[in-house]
Amino acid sequence: MAMKILRNFFKRIFLNIFKGRKEIKLGFYGPPNVGKTSLANKICKDFTGEEIGKVSKIPHETRNIQFKEKVEISYKGKKMVLKLIDTPGITTKVDYEDFLKYKMSKKEAKKRAKEATQGVIESIKWLDDMDLVVVVLDATENPYNQVNITIIGNLVARKIPVLIVANKIDLKKADVKRIEAAFPEYEVVGISAKYGKNLEEFYESIFKFVKKI
Amino acid sequence: MKKRGKFGKIKGFVIQFIPYSEIKDLDSNKRIRKILDIVLKNNIIILQGRLRPEEETRLIGDTMAMIGHVKNFKGIELAVISNNKELNIFSKLRKKIANFFSGGDLGAITIIGPATIVKEIKRNPKKIELMLNR
């Protein structure tokens, strides 16, 4: 009995110390090659000095869930602790032959395709674990892609807040307005993860969303 | 059934229409199985209505699990066309009531095809284009 009281006492003290410093699970979702890892890397690099994963021009570079825990973000005097979860790109088809044009052997391409399909399954499984999701889209691509709509639909159904990031605004073909028009009910922030462009607005939005959680 | 000519070119394919009443009373497992059975026969499905969001991801997940295990299967192309216009509160309520009584969003159309036949489904708010593989 005395042990139980003591245990509860310490548990309460512990909880009070860390109250308000809860780690928010922030997931990066989207189709392949839109810059999810580049954005996660940029945030990690800015606040921890380390990167979360490798980036590449070849689609499906991220084939496993990658995460970085206890990333403390401070912006304009505000602070929060995040667990950044970078997910493999979600797609409805994977053809190993698509990788052959990147000078890969047939064996390597088949292996990559197999890992990519498993990565998609993993990404879907992790949807339930998120507190907040950043859906990363390529601002140069047509946003009316069913994968984007399906991801956002699932997050809404699970009542997980969604922030849409239109990445690659450094490219000429980028059109953030087209993404805003496709998803009028959501907040869209245009950024360039590669060059760190407009990340202030991104952090501002993240803090705003975290307040609502 | 899709037929290929002497030089591998597609000579024809089947588009199968599924009214919502055919899947309305099925649970998620049976709905997905029914769709995948048709897609694996290399047919294109035009489904009245749409799947639930969790069924759409389940379909994607099951499709991924089949790639590499089913010969020549490379996945699917999927598109849902529905009225995405911003609705006012009364229209939203009316739509919800209508969906409740009909058991789903019957104003939507879902197109699903095997990636070996359907190369891409291009869509924008005004039109939808089905690009086929040669």
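Predicted model: local features only at pLDDT ≥ 70, side-chain atom pairs only at ≥ 80, totals over all residues.
Figure 1. Most residues other than glycine have a negative phi. A positive value is also found in K76(A), again a residue other than glycine, with phi near 50°. K76(A) has its place in the loop between β2 and β3 (78–86) of chain A, and with a relative accessible area of 61% K76(A) is exposed.

**Figure 2. The make-up of chain A.** Chain A contains 7 helices and 6 strands, and when the chain is read along its sequence these elements follow the pattern α-β-α-β-β-α-α-β-α-β-α-β-α. Of the 213 residues in chain A, 48% count as buried. When the contacts in chain A between residues at least 6 apart in sequence are considered, 70% of them join residues that are at least 24 apart.

**Figure 3. The packing of helices α2(A) and α7(A).** These two helices of chain A pack at an angle of about 85°, and their axes are 13 Å apart. The helices α2(A) and α7(A) are therefore roughly perpendicular to each other. From α2(A), the residues L39(A), K42(A), I43(A), D46(A) and F47(A) meet L199(A), F202(A) and Y203(A) in α7(A).

**Figure 4. The aromatic pair of F47(A) and Y203(A).** Over all chains, the structure holds 5 aromatic pairs. In the pair shown here, the ring centres of F47(A) and Y203(A) are 5.4 Å apart and the ring planes stand at 85°, so the pair is edge-to-face. Distant parts of the chain are linked by this pair, with F47(A) in helix α2 (residues 36–48) of chain A and Y203(A) in helix α7 (residues 199–212) of chain A, 156 residues apart. F47(A) is partly exposed, with a relative accessible area of 25%, whereas Y203(A), at 7% relative accessibility, counts as buried.

Figure 5. Y75(A) lies in strand β2 (residues 66–75) of chain A and F207(A) in helix α7 of chain A, so the pair ties together parts that are 132 residues apart in sequence. Y75(A) is buried, with a relative accessible area of 12%, and F207(A), at 7% relative accessibility, counts as buried too. Through ring pairs, F47(A), Y75(A), F202(A), Y203(A) and F207(A) are linked into a cluster.

**Figure 6. Charged side chains over aromatic rings in chain A.** K83(A) lies over the face of F67(A), at 4.6 Å from the centre of the ring. In another such arrangement, the charged end of R112(A) sits over the ring of F99(A), at 5.6 Å from its centre.

**Figure 7. An open sheet in chain B.** In chain B, 4 strands form an open sheet in the order β3-β4-β6-β5, and their pairing is mixed. The strands β3 (15–18) and β5 (76–81) of chain B stand at the edges with a single partner strand each, so one side of each is left without a neighbour in the sheet. From one strand to the next, the twist averages 15°. Strands of a sheet pair through backbone hydrogen bonds, either parallel or antiparallel.

Figure 8. Strand β6(B) is mostly covered, as 5 of its 6 residues are buried.

Note on methods
Residues numbered from 1 in each chain as written. Chains lettered and ligands numbered in written order. Heavy atoms only, no water. Pairing = 2+ DSSP bridges. Axes fitted to C-alpha atoms, helices over the stretch in contact; angles between N-to-C directions. Phe/Tyr/Trp six-rings, centres within 6.5 Å; stacked < 30°, edge-to-face > 60°. Buried < 20%, exposed > 50% of the residue type's maximum accessible area, 1.4 Å probe, protein only. Lys NZ or Arg CZ within 6 Å of the ring centre and 35° of its normal. Parallel < 35°, antiparallel > 145°, perpendicular 65-115°, else oblique. Contact = heavy atoms within 4.5 Å.
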